[in-house]
Amino acid sequence: MNLLRRFCNSVYVGANAWRERHVPFWPLERIERLQARRVRAIVRHAYEAVPFYREVMQEAGLKPGDFETAKDLVHLPLLDDGQVRRHGERFLSRRHDDRSRLLLHSTGSMSNVQKTIYRCHQSLLLTLAFSERDRAVLNSLMGKGWGQRQLFILPEGSATLAVRAFWDRATILPPKFVDRHFFAPEAPLEKALETINAIKPQVIFSYGSYADIFARWLAARNLPFNPPRVWMYGADMLSPFARHLLEKRFGCIVYTTYQASETGKIGFQCERREGFHLNVDSVVVRVVDESGNDSPPGQFGEVVVSNLCNRAMVLLNCRLGDRAAFATAPCPCGRSLPLLQSLEGRCSEVIEMASGRTMSACVLGTLFEHELHEVLAAQATQPAKGVICWRLVSLPGTDREALRARILAKAPSILEPGTKVSIEFVEKIPTGPGGKLLRAVRAG
Ligand SMILES: [Zn+2]
């Protein structure tokens, strides 16, 4: 990108970023007015330039003028991973080509298969400006904004790194604004510890599962460690035990944001670090039950998002495959952006009991939390309904047979009668597409 374009982009991001610091504190009605404006604009664009929406709206007799606010998006169909993967080109805008869009690969939550996502340059620049909302929180947790030393432990090809590389190409930042380092998560943990101790980053960015394994691995050894002030994670989950280790034992502040390649930043934690404030002016978020109806606050359902800013590939009512619930009370921090109470992993990561009742892998992990303190990583596989086979990677010094006996003894008191449990110790649990750790998989 030429220098003038990069300069203009930087001014655009800078001007928006200044405003973005204040948006979370605007009255909700003002945020919803901005959201409604963006809904009308994206639906008009979808009708005019995106084949899928042109067709479904014509079939249903809908016109862009029928869409006034985010509530009207329910008139459009719910999209799942399979549709977007198989017919991705039907969601692309005819007005965008490779000079105005970026190709990203996203891990489909429901199918665990990668799909192709395009984001328009303008929405990526806006995402950089929106990041000011969580950057303000991060800076306050860090106690400093400028000159941060950051270490990214993310797989090459991850959407986060691809977007970051785009920002570097498309904008101009003072060279010492931040001091960034990168490290491959596939490398041995000893090497990661050595790198962290040498670089002494103030903030580390990684997947939740990486932070989880690193914390458990380090806690089982008595090795010198220069902890970062903040460990920021995303993409997949961090267990409560690993969070406890990072915070209480190593003294890090654990922070996370909620994002997807399809949308960019969906939400962020505030200083209280409980739940996610949702960037609803740029991404409309719904939580729906199995029939696709909106779930009331406090009730878990599947997250459905509509990106209002990406013109290159329009995805409205897109099922993300994540399980979450809206908060039942507003956050006392003063931000009026709605709050997602908690994320409970992915819908696909569930175990089905003999009766057909399902339990999320996160809940299962919490029920056996005490026993799982002794493992580096765990994955529940399900060869058949009502059968759970744990794959465990044990820590050095663990008495495997004693651990097996304790889990098997506890299972009947926690799981439905008739649930069969077995345990297999393995050296390593292979990660899923995009390097994410699946906490539950259905075998066969
Ligand atoms: Zn808050």
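1. Overall composition. The structure is a predicted model. The protein contains 13 helices and 19 strands. Its radius of gyration is 22 Å, close to the 22 Å that the globule rule gives for 444 residues, so the protein is as compact as a globular protein of that length. The C-alpha trace spans about 65 × 55 × 40 Å along the principal axes.

2. Burial and contact range. Of the 444 residues in the protein, 41% are buried. When contacts between residues at least 6 apart in sequence are considered, 69% of them join residues at least 24 apart.

3. Packing of α1 and α5. Two packed helices are described by the angle between their axes and the distance between the axes. Helix α1 covers residues 3–20 and α5 covers residues 121–130. Their axes come within 8 Å and cross at roughly 40°; α1 and α5 are therefore oblique to each other. The crossing of α1 past α5 is right-handed. On the α1 side the contact involves Asn-9, Tyr-12, Val-13, Asn-16, Ala-17 and Glu-20, which meet Leu-125, Leu-126, Leu-128, Ala-129 and Phe-130 of α5. Classified by residue type, this contact of α1 with α5 has eight nonpolar, two polar and one charged residues.

4. Packing of α5 and α7. Helix α5 also packs against helix α7 (residues 159–170), at an angle of about 95° and with the axes 10 Å apart. The two helices are therefore roughly perpendicular to each other. His-121, Leu-124, Leu-125 and Leu-128 of α5 make the contact with Val-163, Phe-166, Trp-167 and Ala-170 of α7. Seven nonpolar residues and one polar residue form the contact of α5 with α7, with no charged residues.

5. Packing of α9 and α10. Helix α9 (residues 208–219) and helix α10 (residues 240–249) have axes that come within 8 Å and cross at roughly 60°. That makes α9 oblique to α10. The crossing is left-handed. Residues Ala-211, Asp-212, Ala-215, Arg-216 and Ala-219 of α9 meet Ala-242, Leu-245, Leu-246 and Arg-249 of α10. By class, six nonpolar and three charged residues take part in the contact of α9 with α10, and no polar ones.

6. Burial of α6. Which residues of helix α6 (residues 132–142) are buried? They are Glu-132, Arg-133, Asp-134, Val-137 and Leu-138. The elements covering the buried residues of α6 include the helices α1 and α5, together with β6, β7 (253–260) and β8 (264–268). After α6 comes Gly-143, which has a positive phi near 80°.

7. Leaving aside residues up to four places away in sequence, Asn-226 touches Ile-196, Asn-197 and Lys-200. The C-alpha atom of Asn-226 is separated by 19 Å from that of Leu-138, the two residues being 88 apart along the chain. Leu-138 itself is among the buried residues of α6.

Key
Residues are numbered from 1 along each chain as its sequence is written. This is a predicted model: local features need pLDDT of at least 70, side-chain atom pairs count only at pLDDT 80 or more; totals for chains, interfaces and linings use all residues. Helices (H or I, at least four residues) and strands (E, at least two) are DSSP runs, numbered from the N terminus. The radius of gyration is taken over C-alpha atoms; the globule rule is 2.2 Å times the number of residues to the power 0.38. A residue is buried if 20 or more other C-beta atoms lie within 10 Å of its own, exposed if 12 or fewer, and partly exposed in between; C-beta atoms are placed from the backbone. Two residues are in contact if their C-beta atoms, placed from the backbone, lie within 7 Å. Axes are lines fitted to C-alpha atoms, for helices over the stretch in contact, and angles run from 0 to 180 degrees between N-to-C directions. Angles under 35 degrees count as roughly parallel, over 145 as roughly antiparallel, 65 to 115 as roughly perpendicular and the rest as oblique. A crossing is left-handed if the near helix is turned anticlockwise from the far one by less than a right angle, and right-handed if clockwise. Ala, Val, Leu, Ile, Met, Phe, Trp, Tyr, Cys and Pro count as nonpolar, Asp, Glu, Lys and Arg as charged, and the others, Gly among them, as polar.
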